[in-house]
Amino acid sequence: MIGKMTDKIAGWCSGPDGIKKNRTLPFVLVWIIMGLVPDTPAFGQQNHTFYFMNQVPQASALNPAYATRCTYLGLPLISSFHGNIGHTGFSYNQVFPKANGTRIVDFNYLKQRLHRLDLFTSGVHVDLFSLGMPYRGYFFSFRVTDKAEAMIHYPKNLFELPWAGNSPFVGETATVKRAGANFNYYREFSLSASTWISDDLRLGIRPKLLFGKLNLNTRQEEFLLETHTDDYRIDAEGSYRINASLPVVVRQDSTGLIRRGLQKDGVRWQDVVWNARNPGLAVDVGAVYGGLENWTLYGSLLDLGGIRWSGELNNF
């Protein structure tokens with residue numbers, strides 16, 4: 001049993017040779033609930049490429065059961081930097097295919113490929129400090145990470161309107177709903193532990209303390225476009241509800257329309273970076289099972305928890 005455990009850990013540390021012969025079947029459920037209040041958005045994204053880079057310490061971001069037998073240390077400016085971009089609708093080559101050696105725009109494909117609601121996501125994670133080491137059959141790690149994550153969601157008819165024009169809507173009103181955005185910037189303190197509980201099953205857990213820095217999300221998104229029958233005049237009207245935790249002052253008139261937005265006096269970037277007024281808790285759990293011939297199963301639940309935004313609140 002000890003020999004088998006050592007072989008597995010060594011394979012993860014020195015390179016992919018220990019698992020190269022196995023097929024990989026990851027089962028991932030990524031949950032991020034960025035708020036305990038009803039109006040706070042929930043979204044998540046991770047780079048699944050890490051599942052094929054399990055020999056590097058950063059792979060544990062996707063599954064806390066991952067471990068190496070190497071001790072590592074990360075310091076500010078020379079530590080890990082992670083960025084990712086994702087889109088559920090289409091890729092560049094799908095919208096701009098090559099025809100006779102030149103790029104063309106295939107809007108017909110775009111119209112067929114889009115879903116009722118698509119997401120464009122991006123994120124940047126910067127490790128400020130990290131430390132990991134094995135100890136008596138366990139692997140422990142501690143990490144301080146700044147995370148900025150953004151998501152834009154849009155419906156299919158947002159692209160159909162510019163392509164088809166407003167002629168199909170003469171005398172009618174075209175409605176675009178659920179076109180909005182979410183943004184979160186927060187700091188995460190995490191402490192993880194993982195170990196083999198049998199010859200084939202490894203488990204890991206990572207509790208996390210969170211401090212929200214900046215937050216913005218939209219709700220009740222609706223955009224109306226009316227084309228008149230007499231002169232084809234176009235009237236546009238939009239309404240959004242915005243919830244934010246930002247150091248700004250928003251001026252509204254008696255009807256609720258925004259007239260002006262100003263940054264608060266005396267706000268410095270240090271105040272944002274060290275802001276601790278929006279605490280939160282979260283936990284990651286994960287497992288790796290290698291008891292099947294030629295298969296390795298992975299599973300994880302990430303960011304189960306949330307941040308309660310209570311500082312610098314703006315709702316308009």
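Close-up 1. K177 has a relative accessible area of 47%, so it counts as partly exposed. Keep in mind that this is a predicted model. The partner here is E222, and the closest N and O atoms of this salt bridge sit 3.7 Å apart. The pair links distant parts of the chain, with K177 in strand 8 (residues 173-177) and E222 in strand 10 (residues 201-227), 45 residues apart. E222 is partly exposed too, at 25% relative accessibility.

**Close-up 2. E188 and K208 meet in a salt bridge.** Here the N to O distance is 3.3 Å. E188 belongs to strand 9 and K208 to strand 10, so the pair ties together parts 20 residues apart in sequence. Both residues are buried.

**Close-up 3. R206 and D284 join up by a salt bridge.** Their side chains meet at 3.0 Å, N to O. R206 is in strand 10 and D284 in strand 14 (residues 279-292), which puts the two 78 residues apart. R206 counts as buried at 5% relative accessibility, and D284 is buried as well, at 2%.

**Close-up 4. Six names, one salt-bridge network.** K147, E188, R206, K208, D284 and D303 are linked in a network of salt bridges. The total count of salt bridges comes to nine.

**Close-up 5. The largest cavity holds about 100 Å³ of space.** Its lining has 15 residues, and P57, S60, Y66, A67 and F139 lie nearest the centre. Strand 9 (180-196) and strand 7 (138-155) each supply at least two lining residues, with strand 9 giving the largest share, three. By class, the lining has eight nonpolar, six polar and one charged residues.

Terms used:
Residues numbered from 1 in each chain as written. Predicted model: local features only at pLDDT ≥ 70, side-chain atom pairs only at ≥ 80, totals over all residues. Heavy atoms only, no water. 1 Å grid on protein atoms, 1.4 Å probe; cavity = no way out; pocket = protein on both sides within 12 Å on 5 of 7 lines; lining within 4 Å. Points joined across faces, edges and corners; volume = space filled by probe spheres on them. Helix = DSSP H or I, 4+ residues; strand = E, 2+ residues; numbered from the N terminus. Nonpolar A, V, L, I, M, F, W, Y, C, P; charged D, E, K, R; others polar. Salt bridge = Lys/Arg side-chain N within 4 Å of Asp/Glu carboxyl O. Buried < 20%, exposed > 50% of the residue type's maximum accessible area, 1.4 Å probe, protein only.
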